[in-house]
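I'm jotting things down in the order I look them up.

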Amino acid sequence: MDGDAESWFATWVELARRVCDQAERFEAHGRQVTARDAYLRAAGYYATALVSIDATA
């Protein structure tokens, strides 16, 4: 919904957590480059979530 900062924040954080979980699984299986890329993607998603933090309660 437009103007719903809490929903925006929660959605991006959930996506970041899922990707971070994937990165941990890649790392556990020795896929270092794939894990690195996933961690970087997760960091970007966390950063996107922060765009709306000032508008949240």
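**Entry 1: Gln 32.** I started with Gln 32, which lies in helix α2. This is a predicted model, so everything below is read from predicted coordinates. Buried or exposed, or something in between, for Gln 32? I get a relative accessibility of 47% for Gln 32, so I put it down as partly exposed, since the buried label needs a value under 20% and the exposed label one over 50%. Next I picked Tyr 46, which is 14 residues from Gln 32 along the chain, and checked the C-alpha atoms: they are separated by 21 Å.

**Entry 2: fold and overall dimensions.** I stepped back to list the secondary structure. There are two helices and zero strands in the protein. Helix α1 covers 5-28 and helix α2 covers 32-50. How big a box do the C-alpha atoms fill? Along the principal axes I have roughly 40 × 15 × 15 Å. I then looked at the radius of gyration, which is 13 Å for the protein, whereas a compact globule of 57 residues would come out near 10 Å.

**Entry 3: surface and burial totals.** What share of the 57 residues counts as buried? I find 19% for the protein. On contacts, I kept those between residues at least 6 apart in sequence, and 62% of them join residues at least 24 apart.

**Entry 4: charges.** I counted 6 positive and 9 negative charges in the protein.

**Entry 5: the core.** Which residues make up the largest nonpolar core? I have five in it: Val 19, Cys 20, Ala 23, Ala 38 and Ala 42. Both α1 and α2 supply at least two residues each to this core. Helix α1 gives the most, with three. As a reminder to myself, nonpolar side chains tend to be buried together in soluble globular proteins.

**Entry 6: Ala 42 and Cys 20.** I zoomed in on Ala 42, a residue of helix α2. Its relative accessible area is 2%, so Ala 42 goes down as buried. What does Ala 42 contact once its neighbours within four places in sequence are left aside? My list reads Ala 16, Val 19 and Cys 20. I ran the search from Cys 20 too, again not counting residues up to four places away, and got Tyr 39 and Ala 42. I also noted a C-alpha separation of 9.6 Å for Ala 42 and Gln 22, which are 20 residues apart along the chain.

**Entry 7: Phe 26.** I moved to helix α1 for Phe 26. With a relative accessible area of 23%, Phe 26 is partly exposed; the buried label would need a value under 20%. Leaving out neighbours within four places, I see Phe 26 in contact with Arg 31, Thr 34, Ala 35 and Ala 38. Ala 38 is one of the core residues from Entry 5. I also checked Phe 26 against Arg 36: ten residues apart in sequence, 8.9 Å from C-alpha to C-alpha.

**Entry 8: Ser 52.** Last stop was the segment after α2, where I found Ser 52. Is Ser 52 buried or exposed? Ser 52 is buried, because its relative accessible area is 7%. What is it touching? Neighbours within four places aside, Ser 52 is in contact with Ala 5, Trp 8 and Phe 9. I took one C-alpha distance here as well: Ser 52 to Arg 17, 35 residues apart in sequence, is 17 Å.

Conventions: Residues numbered from 1 in each chain as written. Predicted model: local features only at pLDDT ≥ 70, side-chain atom pairs only at ≥ 80, totals over all residues. Heavy atoms only, no water. Core = buried A, V, L, I, M, F, W, Y, C linked by side-chain atoms within 4.5 Å. Buried < 20%, exposed > 50% of the residue type's maximum accessible area, 1.4 Å probe, protein only. Helix = DSSP H or I, 4+ residues; strand = E, 2+ residues; numbered from the N terminus. Contact = heavy atoms within 4.5 Å. Rg over C-alpha atoms; globule rule 2.2 N^0.38 Å. Lys, Arg positive; Asp, Glu negative; His and termini not counted. Charge placed at Lys NZ, Arg CZ, Asp CG, Glu CD.
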